[in-house]
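This report looks at one helix pair and then at the protein as a whole. The structure comes first.

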Amino acid sequence: LGTQTGRAETTPSTGFIPAFSKVLRTLIRPADGCSIVGLDFSGEENALMAAWGRDPAFKKAYCFGDFYLGSLMQFGMINKSEYDSVKASGKSPKEVYRSRRNMIKPILLGLGYGRGAEGIFSANRKTFKKKSSVERLVEKYHDSYYRLDEKRNNLKYLIESNRSTILSLPNGWLYTAFRPGEHTRSILSVLNLPIQGAGSCI
């Protein structure tokens, strides 16, 4: 199992079917009486983040149906009555708010993976002309999803101070992150583990 982007693939990727080109994948045939099924979870990581973080505002944004539009609502960047009017008119909110949605997406994804304003700005210079624009959106994220921030910051403290070697995944599984006295190679990797780990298990 895994993704074409390699987020959950095994090593080496040549033994990973979804990583092959479409032409090569057509050469794979199931045994008689069997089928090959392709599945793609929609918003899986956001769902896991909502479950793990236990942040009511984050959960509300996810349950909105479109996490990015839901977050724009939480950030006060979309007015509820205006949104309802758009839907009532038969227009697609995704199309009407496309520019704002495209602007917020790298912010939510970047912060979700542990990037800061500088990293998000550097990777999205075509979207953002000024770093201050990124910083304002990052501030809105922290103000809106502060409970999720608290949980991530607490986990980061436990890792950095070597006080925690066991991480709990949203599905209840426990994972040994590193042995006492052994510093992990990447704190961001361990911070992402509760979400990435559960996603891989699924």
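In this predicted model, helix α7 (residues 98–112) packs against helix α9 (residues 131–144) at an angle of about 60°. Their axes lie 10 Å apart. The crossing of α7 past α9 is right-handed.

Which residues of α7 and α9 make the contact? The table lists them by helix.

| Helix | Residues in the contact |
|---|---|
| α7 | Met-103, Ile-104, Ile-107, Leu-108, Leu-111 |
| α9 | Val-134, Leu-137, Val-138, Tyr-141 |

By class, the contact of α7 with α9 holds nine nonpolar residues. It has no polar and no charged residues. Tyr-141 of α9 is part of this contact, and Tyr counts as nonpolar here.

Now the whole protein. Its secondary structure comprises 11 helices and two strands. Along the sequence, the pattern reads α-α-α-α-α-α-α-α-α-α-β-β-α.

The protein has 202 residues, and 32% of them count as buried. Its accessible surface comes to about 12900 Å². Carbon and sulfur atoms account for 52% of that surface.

How values were computed:
Residues are numbered from 1 along each chain as its sequence is written. This is a predicted model: local features need pLDDT of at least 70, side-chain atom pairs count only at pLDDT 80 or more; totals for chains, interfaces and linings use all residues. Side-chain values use heavy atoms; hydrogens and water are left out. Axes are lines fitted to C-alpha atoms, for helices over the stretch in contact, and angles run from 0 to 180 degrees between N-to-C directions. Helices (H or I, at least four residues) and strands (E, at least two) are DSSP runs, numbered from the N terminus. A crossing is left-handed if the near helix is turned anticlockwise from the far one by less than a right angle, and right-handed if clockwise. Contact means heavy atoms within 4.5 Å. Buried means under 20% relative accessible area, exposed over 50%, partly exposed in between (1.4 Å probe, protein chains only). Accessible areas come from the Shrake-Rupley method with a 1.4 Å probe; for residues, only the protein chains shown count as cover.
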